[in-house]
Amino acid sequence: DNEFIFQVLPETLDMTGANMPDEPMHILLNTAVSSTWGFPAPCPAGCTCECFDCGNPKCACGMPQGMCANLPAYYEIDYVRVYQDMEDNSHKIGCSTDSKPTKRFIQGHLDRYYDYFNNERQPLKPLQHGGGSCSHHSDCFNNYGTQSLFSDSKCIKNKCVCGKETTGPHCAAFKAYDDQNWDVPYDLSLHSPFLPSSLLRVLIALIAVAIALVTVRLLSQQAARKAAALV
């Protein structure tokens, strides 16, 4: 703990032409198994390596030595710590911030986020708040397998009823929220016209020139009338 091990700097990605992501995102922690990473290469003699399955002798021959003996395995994470620079205004918490309004973008491009041909009509299905089958209060629990100390979730008439702190069919997830709500309500009212300051200065200059020209012309006409009257 508290030992710096590895980092990826934005300039590291210059060689690929990519940019360090600055969009709001989730942290996804998973374990992946790939036959192209850490598996025997070339394929062991007498093995086709056309399949990989510890439960099938014909497919287990292509697995790394000793791997099947370690399965099933559990992937446990003690904690995740996220650092942000308090003096950098670009570091913000939330899935849809004022500078990256993800929610508003999705609402404006809904067709990109659902499969119309599979009868989907919205990007995300509504979150199910309780309703999972249960026979005891402990069936409506958090991810640690015990009833949450922060939840008053109960099993009522064989259905989970979630408390204020949890959600999901079996109340197995804590109800998340953003510390700061960046959503700005839509305002469809009429506003006064907005002109950039540079354009406003140009318009004022043009008006001043026009007034000067009109003034000169009027003075010229007045002088001409006086001259005609003297003649």
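## Pockets

By class, 14 nonpolar, eight polar and six charged residues make up the lining of the largest pocket, where Ala, Val, Leu, Ile, Met, Phe, Trp, Tyr, Cys and Pro count as nonpolar, Asp, Glu, Lys and Arg as charged, and the others, Gly among them, as polar. The model is a predicted one, in which local features need pLDDT of at least 70 and side-chain atom pairs count only at pLDDT 80 or more, while totals for chains, interfaces and linings use all residues. Residues are numbered from 1 along each chain as its sequence is written, and side-chain values use heavy atoms, with hydrogens and water left out.

The volume of the largest pocket is about 1,400 Å³, and of the 28 residues that line it, M25, I27, V82, Y83 and Q84 are the closest to its centre. A pocket here is an open set of points on a 1 Å grid over the protein atoms alone, where a 1.4 Å probe fits, with protein on both sides within 12 Å along at least five of seven lines, and lining residues have an atom within 4 Å of a point; grid points are joined across faces, edges and corners, and a volume is the space filled by probe spheres set on the points. The second largest pocket has a volume of about 480 Å³ and is lined by 18 residues, with C95, T102, K103, I106 and L124 nearest its centre; its lining has nine nonpolar, six polar and three charged residues.

## The aromatic pair

One aromatic pair is found in a search of the whole structure, the criterion being ring centres within 6.5 Å, with planes under 30 degrees apart counted as stacked, over 60 as edge-to-face and the rest as tilted. The ring centres of F39 and F52 lie 5.3 Å apart and the planes stand at 90°, so the pair is edge-to-face.

F39 counts as buried at 12% relative accessibility, whereas F52, at 34%, counts as partly exposed (buried is under 20% relative accessible area, exposed over 50%, partly exposed in between, with a 1.4 Å probe and protein chains only).

## Around S96

With a relative accessible area of 13%, S96 is buried. Its side chain reaches the backbone nitrogen of T102 at 3.1 Å and the backbone nitrogen of K103 at 3.0 Å. Contacts of S96 (heavy atoms within 4.5 Å), not counting residues up to four places away in sequence, are with P24, P101, T102, K103, R104, W182 and D183.

Note on methods
Rings of Phe, Tyr and Trp (its six-membered ring) pair if their centres lie within 6.5 Å; planes under 30 degrees apart count as stacked, over 60 as edge-to-face and the rest as tilted. A polar contact is a pair of N or O atoms within 3.5 Å; within protein, one must be able to donate a hydrogen and the other to accept it, and residues adjacent in sequence count only if both atoms are side-chain atoms.
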